[in-house]
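Colleague: Could you walk me through one of the helices here, and then the charged pairs?

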Amino acid sequence: MTLKISVIGTGYLGATHAACMSHLGFEVVGVDIDPAKIASLAAGTIPFYEPGLQELLQSELATGRLSFSSDLSAISDCDVHFICVGTPQVADGLAADLTYVFSSLNAIAPIIKPGSLVVGKSTVPVGTAAKMREQLLAINPDTDLAWNPEFLREGFAVEDTLKPNRLVVGVTNSKTEEILRQVYAKNLAEETPWVVADLPTAELVKVSANAFLATKISFINAMAEICEAAGGDVTVLAKAIGYDPRIGNRFLQAGIGFGGGCLPKDLRAFIARSKELGADQALEFLRDIDSINLRARTRMIELVRKDLSEDLRGKKIAVLGAAFKPDSDDVRDSPALDISAQIQAAGATVTVHDPKAISNAQKRFPALNYSDSIEECVKEADLVLHLTEWKLYREIDPVQLHSLVAQPIMIDGRNALDRDKWRAAGWKFRALGRSEN
Ligand code: UDX
């Protein structure tokens, strides 16, 4: 029997998961409380930028296996229901807001058929899955709930979903594991590592993986601070320590730090949860990880003041990049925009360029100036900041850009540009964690 799958919540995670499950050959229905999102997906348009996803969505819609609906009853004959709704940071604290997770569970619990399985994918504080399972079974005893955390990166969402580097399933019995083995049969045939865990461990795998990645980035940014103080070069240091396979060279790119919809809020929710568990001492260090990360933004502004002038009033600053990382139009907690807004608040005129994220940036920071041309953005600028490492910025000809600016000063906030090339073209070139010579 082929399983029929539903995906509850069709944001970044859900839209990707729905299209990928259809690609694996399942009949899939995606539902969401936002009718505009559903209409857009049903018409083959993803409401955000993710390489390869729109093409996959359209080809899967064309097979007839994939559909979207804003009517929840569309899921009632499905066998497996993936919960993919958001868990944002609460407005008044560090914790995760679980409103959507529980409201979606309560909405589907009475209408799903006997024998069906609910699978949580959203990132939640440890203990949530057990609570949800209890609530589900109280409403619909002949069902079950498992946890299957998602590790996809924006910009690689399709690849990470179809070819994950591991699959983690939190289950309470072997029958449930068997259903999940059917869902992921193709991945298992390709020998994707399969980790079976209890519910709390499965929840913790996700947040601890993100905490580790955040720690790696803040570690190298702390080393950048030391390099600056001691006259060293963090890019050389990162390269050298990265050759040790126990350390590895990935996620050691020093700069303005991490942002986005996951790492910052997951880190904070993990800290909040540890406190509730009475284990806050264990994660005390994550507060420093968060502070180092936010400090990188402040240090960037200090560099601007140092290289331009203490008083930024009347200065023209060009910013290359608005998205929290390249190959994404996501501006949630974007270090690039945070820095831009702070510089603007200090009295400078800031113009931001980004190949994909301008319209999202405009919604969040309407007071900044935007340009969709690099040339126009840097025209007459007193200083240029490189804040998101899009490939097109590495392809800029510094000689040509030199002729457009008022003063040739570049500060590379991502340590991604070729310093020698920019200096040879006559630019004063600065970067976080690198000495001035
Ligand atoms: C992350 C996790 O990688 C993913 O597994 C999880 O499911 C969701 O959160 P994502 O938010 O897409 O994914 O971004 P990621 O590629 O991890 O980058 C996070 C941030 O760290 C970005 O702002 C990026 O610019 C920054 N970063 C990354 C650095 O500053 N330095 C690095 O060396 C790597």
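Modeller: In helix α11, the buried residues are Leu 263, Pro 264, Lys 265, Asp 266, Leu 267, Arg 268, Ala 269, Phe 270, Ile 271, Ala 272, Arg 273 and Ser 274, where buried means under 20% relative accessible area, exposed over 50% and partly exposed in between, computed with a 1.4 Å probe on protein chains only. Helices (H or I, at least four residues) and strands (E, at least two) are DSSP runs, numbered from the N terminus. This is a predicted model, in which local features need pLDDT of at least 70 and side-chain atom pairs count only at pLDDT 80 or more, while totals for chains, interfaces and linings use all residues. Residues are numbered from 1 along each chain as its sequence is written, and side-chain values use heavy atoms, with hydrogens and water left out.

Colleague: How many residues does α11 have, and how many of them are buried?

Modeller: α11 is mostly covered, with 12 of its 14 residues buried. The helix runs over residues 263-276 and reaches 20 Å from its first C-alpha to its last, close to the 20 Å expected at 1.5 Å a residue, the expected span being 1.5 Å times one less than the number of residues.

Colleague: What covers the buried residues of α11?

Modeller: The cover includes α9 (199-230) and α12, with contact taken as heavy atoms within 4.5 Å.

Colleague: And which residue with a positive phi follows α11?

Modeller: That is Gly 278, with a phi near 75°.

Colleague: Switching to charges, how many salt bridges are there in the whole structure?

Modeller: A search of the whole structure gives 28, a salt bridge being a side-chain nitrogen of Lys or Arg within 4 Å of a carboxyl oxygen of Asp or Glu. One of them joins Lys 265 and Asp 266, at 2.9 Å from N to O.

Colleague: Are Lys 265 and Asp 266 buried or exposed?

Modeller: Lys 265 counts as buried because its relative accessibility is 15%, and Asp 266 is also buried, at 4%.

Colleague: What about Asp 244, which residue does it pair with?

Modeller: Asp 244 forms a salt bridge with Arg 246, their closest N and O atoms being 2.8 Å apart. Asp 244 is partly exposed at 22% relative accessibility, whereas Arg 246 is exposed at 75%.

Colleague: Where do Arg 287 and Glu 284 lie?

Modeller: Both lie in helix α12 (residues 284-307), 3 residues apart, about one turn of the helix. Salt bridges that share partners also join Arg 268, Asp 290, Arg 297, Asp 333 and Asp 338 into one network.
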